[in-house]
Amino acid sequence: QVQLEESGGGLVQPGGSLRLSCTASGFTFSNSAMNWYRQAPGKEREWVASIMPTGVFTNYADSVKGRFKISRDNAENTVYLQMNSLKPDDTAVYYCRTVSRAIVYWGKGTLVTVSS
């Protein structure tokens with residue numbers, strides 16, 4: 001079965017950095033686009049970034065462009081989200097998402113708190 005497991009969240013001060021990881025199993029990772037989403041308290045879940053299977057093509061939400069970088073290691077079945085210059089507005093649960101055989105799969109999320 002498809003499994004996505006996020007890690008790397010935590011408490012960080014404004015201006016700091018974190019790297020999130022999402023380890024995948026149960027599908028052909030190297031053929032799959034991967035996405036990061038986030039959900040802030042009291043808000044709807046929103047898309048953050050996407051990366052195509054080869055890793056060459058990426059896309060970002062305007063709110064994170066220039067600060068976040070998505071990458072992947074197909075040998076390790078892992079997708080990363082490097083987050084720099086973090087702001088309090090980046091506080092959210094961050095989720096990994098993929099689509100396999102027309103079914104959308106989500107991880108359980110990892111909490112990122114940006115606060116002084």
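This is a predicted model: local features need pLDDT of at least 70, side-chain atom pairs count only at pLDDT 80 or more; totals for chains, interfaces and linings use all residues.

Reader: How do β5 and β6 pair, parallel or antiparallel?

Author: The pairing of β5 and β6 is antiparallel, over 3 bridges. The two strands form a hairpin with 6 residues between them. Look at G55 in that turn: its phi is positive, about 90°.

Reader: Which strand does β4 join, and by how many bridges?

Author: β4 is joined to β5 by 5 bridges, and the two run antiparallel. M34 stands opposite I51 in β5. β4 and β5 also form a hairpin, with 6 residues between them. In this turn G42 has a positive phi of about 75°.

Reader: Now the nonpolar residues. What is the general idea?

Author: In soluble globular proteins, nonpolar side chains tend to be buried together. Here the largest nonpolar core has 29 residues. W36, V79, L81, M83 and Y94 have the most contacts inside it. Elements giving two or more residues to this core include β4, β5, β8 and β9.

Reader: Which element gives the most to this core?

Author: β3 does, with 4 residues.

Reader: Which residues make a nonpolar surface patch?

Author: M52, V56 and F57 make one of about 320 Å². V56 lies in the loop between β5 and β6.

Reader: Why is V56 called exposed rather than buried?

Author: Because its relative accessible area is 61%, and exposed means over 50%.

Definitions and conventions:
Residues are numbered from 1 along each chain as its sequence is written. Side-chain values use heavy atoms; hydrogens and water are left out. A nonpolar core is a set of buried Ala, Val, Leu, Ile, Met, Phe, Trp, Tyr and Cys residues joined through side-chain atoms within 4.5 Å. Buried means under 20% relative accessible area, exposed over 50%, partly exposed in between (1.4 Å probe, protein chains only). Patches are made of residues with over 30% relative accessible area and no salt bridge: like charges are joined within 9 Å, nonpolar side chains (Val, Leu, Ile, Met, Phe, Trp, Tyr) within 5 Å. Accessible areas come from the Shrake-Rupley method with a 1.4 Å probe; for residues, only the protein chains shown count as cover. A salt bridge is a side-chain nitrogen of Lys or Arg within 4 Å of a carboxyl oxygen of Asp or Glu. Two strands pair if DSSP finds at least two bridges between them.
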